[in-house]
Amino acid sequence: MQYQIIENTQIAPDVFLLDLVGETSMIKAPGQFCQIAIPGFFLRRPISICDWDADGMTLIYKAVGRGTDALARMEAGDTLDILNGLGNGYDLSECGKKPLVIGGGVGIPPLYHLTKALTDQGVIPTVILGFNKKDEIFFLDEFSFLGVPVILTTADGSAGKKGFVTDALPEDFDYAFACGPLPMLRAVAQRCPRGQLSFEERMACGFGACMGCTHETKSGPKRICKDGPVLKTEEVIW
């Protein structure tokens, strides 16, 4: 399906915000992702969906290789071929009464619409955002504007609380939604045994055919692209 670029703007070092106009009816839950065909590259690139409405969607991605570098050079008016609404997102019915929303780096974007959805159903989560340093911070104001408590952490202490997201956990919570690098997810799972984790994995096909993005669970290996990217914390084997 074709999408037109409205904006492709750098918002932090190597991090870009991509606004697109196009069909979004296939997106059913926060935490789902899309697969972007970048001109000149054979494999599509998986990007989590930050936000969407009836007219289009917002993606936030990090330029970490030749493909995403090429994507970062595309301009307003250019079009992209995208497979949308892929994977299984977060299940809001199991959010508890005092949930946490925990994100690290470019794992933060899909948590934005999740936070909006939680507040829309009357649940106010505490949001914890983790970065390496002050210069890498993005979307802090956007989360704050949702009217939820936001805790900022940086590994070097240059902004917010010094340390990792797990160093900022409040005492009173009953559920945790998280997205970020694998070491962060493992640390969150050790401290928050009830919740949902969104995994970042390299993907080829994006819909379960190649079996290249599996993760071990108590019910056997699961494909992050098809069975995830969101898995229940209690089912994951580390």
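Strand E4 (45–52) supplies the largest share of the lining of the largest pocket, four residues. The structure is a predicted model, in which local features need pLDDT of at least 70 and side-chain atom pairs count only at pLDDT 80 or more, while totals for chains, interfaces and linings use all residues. Residues are numbered from 1 along each chain as its sequence is written, and side-chain values use heavy atoms, with hydrogens and water left out.

The pocket (on a 1 Å grid over the protein atoms alone, an open set of points where a 1.4 Å probe fits, with protein on both sides within 12 Å along at least five of seven lines) has a volume of about 1,400 Å³, taken as the space filled by probe spheres set on the points. Its lining, made of residues with an atom within 4 Å of a point, comprises 50 residues, of which Lys62, Val64, Val106, Gly107 and Glu200 lie nearest the centre. Because domain 1 (2–86) and domain 2 (99–198) both contribute to the lining, the largest pocket lies between them; the domain bounds come from an automatic or database domain assignment.

Seven aromatic pairs are found in the whole structure, a pair being rings of Phe, Tyr or Trp (its six-membered ring) with centres within 6.5 Å, counted as stacked with planes under 30 degrees apart, edge-to-face over 60 and tilted otherwise. The rings of tyrosine 90 and phenylalanine 177 have centres 5.6 Å apart and planes at 85°, and the pair is therefore edge-to-face. Both tyrosine 90 and phenylalanine 177 are buried (under 20% relative accessible area, with a 1.4 Å probe and protein chains only).

How values were computed: Helices (H or I, at least four residues) and strands (E, at least two) are DSSP runs, numbered from the N terminus. Buried means under 20% relative accessible area, exposed over 50%, partly exposed in between (1.4 Å probe, protein chains only).
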